[in-house]
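Take a look at the model below. The report then walks through it, one topic at a time.

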Amino acid sequence: LTGNIGRSVIKVSAVPADRHVLRAPAKVFDSQEALQVAFKSGELEQICQTNGHNGVVCVVRWQGPRANGMPELHKLTPPLAVLQGKGYMVALVTDGRMSGASGKVPAAIHVSPEALGGGPLAKVLDGDIILLDAETGIMRAEVDDAVWNARPLATIPAEQLRANGRGLGRELFAGFRRNAQSAEEGACTWLSN
């Protein structure tokens, strides 16, 4: 997919045909844990019920190679699948990765450039209407071009950035995160630019 949010991949082999094109408001999350909290509290379902679009596009940023090493986000599929099973139009857009586990939920993954690398995913705000069209290859925030171009990039919360570099040996990989190329280039750290 390509558009003003960036470039991504989407796997639709298991996605029902009536979900290949989706248009719904964005709900932006800075972590996969925040999405899970919103689901468990009922917030995501309430958004779906009240926004006039019968759905939501969950945007999970700061999950790319530079931000936190691109962890597996497969835990996001079950809550989104529950909402989809209730008839809501739901999708995931993220600069993170999923290893083929998106199943029946449309998931635009590996968005490049990643939010921490200055990617336009960092411009998406709650309520922006997002169009995902797997048939024509479009991923777009339906925001006026002048407004979109003038909109500043969000920044990763400082505590989240610090936490991304601590524990489980992450301190050893700071150089890799700092020098990682984009996901679409394989997130390599050993290739010269």
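## A buried charge

D95 is buried but has no salt bridge; R61, the nearest side chain of opposite charge, is 7.8 Å away. Buried means under 20% relative accessible area, exposed means over 50%, and partly exposed is in between (1.4 Å probe, protein chains only). A salt bridge is a side-chain nitrogen of Lys or Arg within 4 Å of a carboxyl oxygen of Asp or Glu. For charge, Lys and Arg count as positive and Asp and Glu as negative, while His and the chain ends are not counted.

This is a predicted model: local features need pLDDT of at least 70, side-chain atom pairs count only at pLDDT 80 or more, and totals for chains, interfaces and linings use all residues. Residues are numbered from 1 along each chain as its sequence is written, and side-chain values use heavy atoms, with hydrogens and water left out.

## What D95 reaches

D95 sits in the loop between β5 and β6 (107-112). Helices (H or I, at least four residues) and strands (E, at least two) are DSSP runs, numbered from the N terminus. Which backbone nitrogen does the side chain of D95 reach at 2.9 Å? That of Q63. A polar atom of the D95 side chain also lies 2.9 Å from the backbone nitrogen of A115. A polar contact is a pair of N or O atoms within 3.5 Å; within protein, one must be able to donate a hydrogen and the other to accept it, and residues adjacent in sequence count only if both atoms are side-chain atoms.

Contact means heavy atoms within 4.5 Å. Not counting residues up to four places away in sequence, D95 touches a list of residues including V60, W62, M70, H110 and L121.

## N4 in its loop

N4 is in the loop between β1 (2-3) and β2 (6-10). N4 has a relative accessible area of 14%, so it counts as buried. A polar atom of its side chain lies 2.8 Å from the backbone nitrogen of A141. Leaving aside neighbours within four places in sequence, N4 is in contact with P120, M139, R140, A141 and W148.

## Salt bridges

Side chains of opposite charge can pair when their charged atoms come close. How many salt bridges does a search of the whole structure find? It finds nine. One network of salt bridges links K27, E43 and D126.

E142 pairs with R23, with the closest N and O atoms 2.7 Å apart. E142 lies in the loop between β8 (138-141) and α5 (145-150) and R23 lies in strand β3 (residues 21-29), so the pair ties together parts that are 119 residues apart in sequence. E142 is partly exposed at 35% relative accessibility, and R23 is partly exposed at 42%. R140 and D145 also meet in a salt bridge, at 3.0 Å from N to O. R140 is partly exposed at 29%, and D145 is partly exposed at 45%. In another salt bridge, R19 and D18 have their closest N and O atoms 3.6 Å apart. R19 is buried at 12% relative accessibility, whereas D18 is exposed at 54%.

## Two nonpolar cores

A nonpolar core is a set of buried Ala, Val, Leu, Ile, Met, Phe, Trp, Tyr and Cys residues joined through side-chain atoms within 4.5 Å. The largest one has 26 residues, and V93 and V124 have the most contacts inside it. At least two residues of this core come from each of β3, β4, β5, β6, β7 (129-133) and β8. Strand β3 gives the most, with four residues.

Beyond four places in sequence, V93 is in contact with residues including V57, V59, A108, L132 and M139. A second, separate core has 19 residues, among them F29, C48, L73 and L83.

## Helix α4 and G55

Helix α4 covers residues 77-85, and its buried residues are T77, P79, L80, L83 and Q84. Their cover includes α1 (32-40), α2 (43-50), β4 (55-60) and β5 (89-94). After α4 comes G87, whose phi is positive, near 100 degrees.

G55 lies in strand β4. Is G55 buried or exposed? With a relative accessible area of 0%, G55 is buried. The C-alpha atoms of G55 and Q84 are 8.6 Å apart, although 29 residues separate them along the chain. Leaving aside neighbours within four places in sequence, G55 is in contact with A24, P25, I47, C48 and M89.
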